[in-house]
Amino acid sequence: MTWATAGSAIFQQAMLNPIAGRCWTTAAPTTYSSLSADAINVSLFNNTTAPDKTAAVASTGYNTGQWVTANEVTGAGIWAAGGRPLASKTFAIDATSSSICFGSANLAGAGSGTLTNAYGCLVYDNTITAGTVAAQGLCFNYFGGPQTVTGGTFTIIWTVVTATSTVFNITV
Amino acid sequence: VSEQDETPAAEAGQDVYAQAGLAGAQGSVPDDREPAAADGEDGEEGEARP
């Protein structure tokens, strides 16, 4: 499945655990604490990547399945392998859209530099060390096409839901 | 061909803002109840015992 076909989605397995994990007695992934306390990283990927929200949990982690480092896009000094952590995270109801939004500040690279053909990103929990998979993926977000920066800064702009920059949301 | 032509000024040194799509899910409760009017159609109305 291409980025254009897959678009942006939450992994089914991430919804099951850890996002909705408290609904059941299933143990949380090893060392998982919460989306607020954990380091939630964002790594960039090329168009060789075939995102699939239905992937088995073992194939949703960073450097597993489609999300292997061979498919990762990095830029020296601006976006390293393994990605960059989200900051100013939020988790709240948006009444207008009737959805629960996991939000974050827009994510800028470390500085000015070059990276080529980033089609989308993997958002994953970098605090999870084990369980079925380490660094379990939460969702992937499509950029609408290839994004390249040459000697400039690279910033991910999250979709605004009402007034909140949102990485993923769950409509209820 | 000038150096400027080989490296378009519009790209070199320009900041890039990648608009990320929203990853979403929808929660709902399946509602497969029979219509209320169907109750009692089997002649069960009034058969309840105290």
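Analyst: The account below begins with the aromatic rings and then moves to the interface.

The model is a predicted one. Over all chains, the count comes to 11 aromatic pairs. One of them joins Trp3(A) and Trp67(A): the ring centres are 5.8 Å apart and the planes stand at 70°, so this pair is edge-to-face, an angle over 60 degrees being what that class requires. The two residues belong to distant parts of the chain, 64 residues apart. Trp3(A) is in helix α1 (residues 3-6), whereas Trp67(A) is in the loop between β2 (40-45) and β3 (72-73) of chain A. Is this tryptophan pair buried or exposed? Trp3(A) has a relative accessibility of 2% and therefore counts as buried, since the limit is under 20%. Trp67(A) is likewise buried, with a relative accessible area of 2%.

A further pair is made by Phe11(A) and Phe140(A), whose ring centres lie 5.3 Å apart; their planes are at 70°, so this pair, too, is edge-to-face. Phe11(A) is found in the loop between β1 (9-10) and α2 (12-19), and Phe140(A) in strand β9 (residues 137-152) of chain A, so the contact ties together parts that are 129 residues apart in sequence. Both phenylalanines are buried.

Trp3(A), Phe11(A), Phe45(A), Trp67(A), Phe140(A) and Tyr142(A) form one aromatic cluster.

The size of an interface is often given as the accessible area lost when the parts come together. Between chain A and chain B, about 1,800 Å² is buried, 52% of it on carbon and sulfur atoms. On the side of chain A, Thr150(A), Ile157(A) and Thr159(A) lose the most area to chain B, and together they account for 26% of what that side buries.

Which kinds of contact cross this interface? The count of salt bridges between chain A and chain B is 0, while 18 residue pairs are in polar contact across it.

Methods
Residues numbered from 1 in each chain as written. Chains lettered and ligands numbered in written order. Predicted model: local features only at pLDDT ≥ 70, side-chain atom pairs only at ≥ 80, totals over all residues. Heavy atoms only, no water. Phe/Tyr/Trp six-rings, centres within 6.5 Å; stacked < 30°, edge-to-face > 60°. Helix = DSSP H or I, 4+ residues; strand = E, 2+ residues; numbered from the N terminus. Buried < 20%, exposed > 50% of the residue type's maximum accessible area, 1.4 Å probe, protein only. Buried area = accessible area lost by both parts, 1.4 Å probe. Salt bridge = Lys/Arg side-chain N within 4 Å of Asp/Glu carboxyl O. Polar contact = N/O pair within 3.5 Å; in protein donor to acceptor, adjacent residues only side chain to side chain.
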